[in-house]
Amino acid sequence: MTQASRVAIMLSALVMWPSCSSKPDYSPNPIYRSTRFPQTRTESEAKLWLHWSASERLAFVRAFVIGYRQGSDEGCQVAERAAQPSVSESICWKQTERLPSTFRALFYDDDVSQHSRSMTTFYERYPEDDDVPITFLLESIVFEQKTPVQVHNLLPTRNP
């Protein structure tokens with residue numbers, strides 16, 4: 001191996017090493033001394049969300065939808081076994097009726113994509129709301145069918 005090859009390999013390794021060892025900064029925004037959510041005191045879930053690719057965001061929302069639906073179905077099955085037949089049927093029927101259309105649809109990629117885009121819009125448009133947990137935002141958008149603006153307006157003001 002020539003001296004030039006060794007130098008090239010060494011320089012490549014030195015250039016690659018910092019990029020492999022660096023961890024993205026998910027720390028809370030230092031501008032604000034307070035957080036409205038205890039779970040985001042040490043990490044900013046907004047930074048985490050915005051660091052993910054569009055396909056990773058979509059996968060997260062899809063997994064949430066699928067997991068919630070499976071949990072709902074299994075909860076109804078437990079209720080049916082534990083309750084009287086007439087009561088269990090009405091419990092499961094009411095539960096299914098309360099689910100957003102996203103959960104009732106067989107093919108809900110459009111809804112899931114819209115939820116993912118709404119969450120991204122929220123975190124990009126309102127950097128002062130970087131303390132809002134991903135699950136809180138997702139539940140507000142999916143279950144309460146709030147827009148990013150509505151979620152932002154419902155939150156108390158955060159003090160710098």
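What average pLDDT does the chain have, and what share of the residues score at least 70? In this predicted model, the chain averages a pLDDT of 78, and 71% of the residues score at least 70.

Figure 1. Among the elements of the chain, helix 8 has the highest mean pLDDT, at 96, while helix 5, covering residues 101-104, has the lowest, at 51. Of the 160 residues in the chain, 31% are buried, and the chain exposes about 10,600 Å², of which carbon and sulfur atoms supply 57%. When contacts between residues at least 6 apart in sequence are considered, 63% of them join residues at least 24 apart.

**Figure 2. Close-up of the largest nonpolar core.** The largest nonpolar core holds 20 residues, and those that touch the most other members are Trp-49, Val-61, Met-119, Phe-122, Tyr-123 and Leu-137. At least two residues of this core come from each of helix 2, helix 3 (54-82), helix 6 and helix 7, and helix 7 gives the most, with 5 residues. Once its neighbours within four places in sequence are left aside, Trp-49 is in contact with Arg-57, Phe-60, Val-61, Ser-116, Met-119, Thr-120, Tyr-123 and Ile-134, a list in which Val-61, Met-119 and Tyr-123 are also among the core residues named above.

Figure 3. Ser-118 has its place in helix 6, and it counts as buried because its relative accessibility is 12%, which falls under the 20% limit for buried residues. Not counting residues up to four places away in sequence, Ser-118 touches Ile-141 and Pro-148.

**Figure 4. Close-up of the salt bridge between Lys-47 and Asp-25.** One of the 5 salt bridges in the structure is formed by Lys-47 with Asp-25, the closest N and O atoms being 3.6 Å apart. Lys-47 lies in helix 2 (residues 45-51) and Asp-25 in the loop between helix 1 (3-21) and helix 2, so the pair ties together parts that are 22 residues apart in sequence. The two partners are described by separate accessibility classes, with Lys-47 partly exposed at 27% relative accessibility and Asp-25 exposed, with a relative accessible area of 51%.

Figure 5. Ser-27 is placed in the loop between helix 1 and helix 2 and counts as partly exposed, at 29% relative accessibility. Ser-27 and Glu-43 are 16 residues apart in sequence, and their C-alpha atoms are 4.8 Å apart in space. With its neighbours within four places in sequence left aside, Ser-27 is in contact with Thr-42, Ser-44 and Lys-47, and Lys-47 is the residue that forms a salt bridge with Asp-25.

**Figure 6. Close-up of the salt bridge between Asp-129 and Arg-36.** Asp-129 forms a salt bridge with Arg-36, in which the closest N and O atoms are 2.8 Å apart. Because Asp-129 lies in the loop between helix 6 and helix 7 and Arg-36 in the loop between helix 1 and helix 2, the pair ties together parts that are 93 residues apart in sequence. Asp-129 is buried, with a relative accessible area of 2%.

Figure 7. The side chains of Asp-131 and Arg-158 meet in a salt bridge, at 3.6 Å from N to O. Salt bridges that share partners join Arg-36, Asp-129, Asp-130, Asp-131 and Arg-158 into one network. The side chain of Asp-131 also makes a polar contact with the side chain of Thr-35, at 3.3 Å. Leaving aside neighbours within four places in sequence, the contacts of Asp-131 are Thr-35, Arg-36, Phe-37, Thr-40 and Arg-158.

Technical notes:
Residues numbered from 1 in each chain as written. Predicted model: local features only at pLDDT ≥ 70, side-chain atom pairs only at ≥ 80, totals over all residues. Heavy atoms only, no water. Polar contact = N/O pair within 3.5 Å; in protein donor to acceptor, adjacent residues only side chain to side chain. Contact = heavy atoms within 4.5 Å. Buried < 20%, exposed > 50% of the residue type's maximum accessible area, 1.4 Å probe, protein only. Areas by Shrake-Rupley, 256 points an atom, 1.4 Å probe, with all protein chains shown as cover. Helix = DSSP H or I, 4+ residues; strand = E, 2+ residues; numbered from the N terminus. Salt bridge = Lys/Arg side-chain N within 4 Å of Asp/Glu carboxyl O. pLDDT = per-residue confidence, 0-100. Core = buried A, V, L, I, M, F, W, Y, C linked by side-chain atoms within 4.5 Å.
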